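Subject: Structure handover

Hello,

Here is the structure I said I would pass on. My notes on what was found follow below it.

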Amino acid sequence: MGKWTQTVMAKVLGIGVLALLMTIPLLQVNGLVSERQQLRETAVVQIAQGWGGRQVLGGPVLVVPTVRPMPAEGMTTVPWQAGSESVLADALRLDVAMDVQMRGYGIYTAPVFVATVKLDAQFRAQDLAQYRQGSSARWQGGKAELRLPVGDLRGLQEVTGLRVNGQPARFESSAERLGLWPTVVVPIDLDALGGQPIDVQIGLKLAGTEALQLLPLARSTEVTMRAPWRDPSFVGAALPLEHAIDTRGFNARWHLLDLNRSYGQHWVDSDAAMIPALEASTFGVQLYQPVDVYQRNVRAGKYGLLFIAMTFVAFFLFEVLKRLRVHPVQYLLVGAALATFYVVLLALSEQIGFGPAYALAAIAVVVLVGGYAMAVLRARRAGLLLGGVLGLIYAVLYGLIAAEQYALLIGALVLLAMVGLMMYLTRRIDWYAYVPTSTEPPAAIMDKP
């Protein structure tokens, strides 16, 4: 048993156990990344509280109060039940121009915007007459309202214009909601209109953080949107029919019909199924930050065990092929230095950005491990070579992190190449042999041809 523990195979198994032990500090580092990411999300919430959160904007909805007779057996009078009905516009057009900037809270930043919105909506007289005549309740047209849903009213900076049938009007605050979203309202007297259509024009400035989504609250919804942001993520129930993205930003156009959603042009507000249906119909854009600092740190951490194992393999190959001896404690110290790289990377990347932070952290670890190898092995060439191998490993890791779309393909090819290289270098090793020892200094061994 004592002789077996000195075999090359036993050494390999021991190194494997040491590599697995290094998952403990790597898991701690991953937890630290998650904690810092949560702190950033908290900072984004703080920014949104003073600026406006993720915004949702819809077209005006005509809401008409109703009373419904409720006959009761044995009663001399007929009680009435109050309610309301909602009617959507026939056509809705929105033109949205977003001005985007970065706002900071401590060391954290998030993209915020001010959207200048021009909105036009038309309600057909035929629709109003049809829904009124077909209702089992009595419409109280003199108390009707146009309600405009806004996801976060704190971001409603300015109403630059509001006209109903060509006449100026004003929004009023309201406790009423449309589904999940608060609303501002405009009183409108349907009885005074005498069966005319309703034409609404609205101009406003809406501030928000990270995302703007819209609601298709019309039979036909047409949206154009533009912003100086080069990495938009189109999200929600509908993708744009047309879009263009270049170095100056993006332009996009949506066109949706009532047939594309799961609710109709008219509903009774007691219908509870409307809330999830409205929420599911939102569409718009998210100001995506491609592979941000924390995404890159998470991605780097996923390859942590692999690259610690690759570095251990490099030490092992020096030990076997060049007749050098490396103690398990020395493997652990090298592994600790490699794990420290991820902590240094996270701390620096929050301050100076991921690219410079990665370069500084990698250089520090390469110098540390390479210098330690020189001292332990007492062989300058071995230290320089190990430092070079480690530098190459970090260069490959950075390529995997930066290659957002092709990371899996590149990683698979690199892994295949590394396995092939190890098979080639170890093809003549007798795995049952004893670990070689030497009475010569390591430096002298390294200098042999």
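A cavity here is a set of points, on a 1 Å grid over the protein atoms alone, where a 1.4 Å probe fits but cannot get out, and its lining residues have an atom within 4 Å of a point. Points are joined across faces, edges and corners, and a volume is the space filled by probe spheres set on them.

The model is predicted, so local features need pLDDT of at least 70 and side-chain atom pairs 80 or more, while totals for chains, interfaces and linings use all residues. Numbering starts from 1 along each chain as its sequence is written, and side-chain values use heavy atoms, without hydrogens and water.

Two cavities of 30 Å³ or more were counted. Helices α7 (304–321), α8 (328–352) and α10 (380–402) each give at least two residues to its lining, with α7 supplying the largest share, four. (Helices are DSSP runs of H or I, at least four residues, and strands runs of E, at least two, numbered from the N terminus.)

The second largest cavity has about 30 Å³. Its lining includes T311, L390 and I393. Here α10 gives the most, four residues.

Elsewhere, β14 (218–227) and β17 (249–257) pair antiparallel over eight bridges; pairing takes at least two DSSP bridges. Strand β16 (242–246) is joined to β17 by five bridges, also antiparallel, and the two form a hairpin with two residues between them. In β17, A252 stands opposite M225 and also opposite H243.

Regards

Conventions:
1 Å grid on protein atoms, 1.4 Å probe; cavity = no way out; pocket = protein on both sides within 12 Å on 5 of 7 lines; lining within 4 Å.
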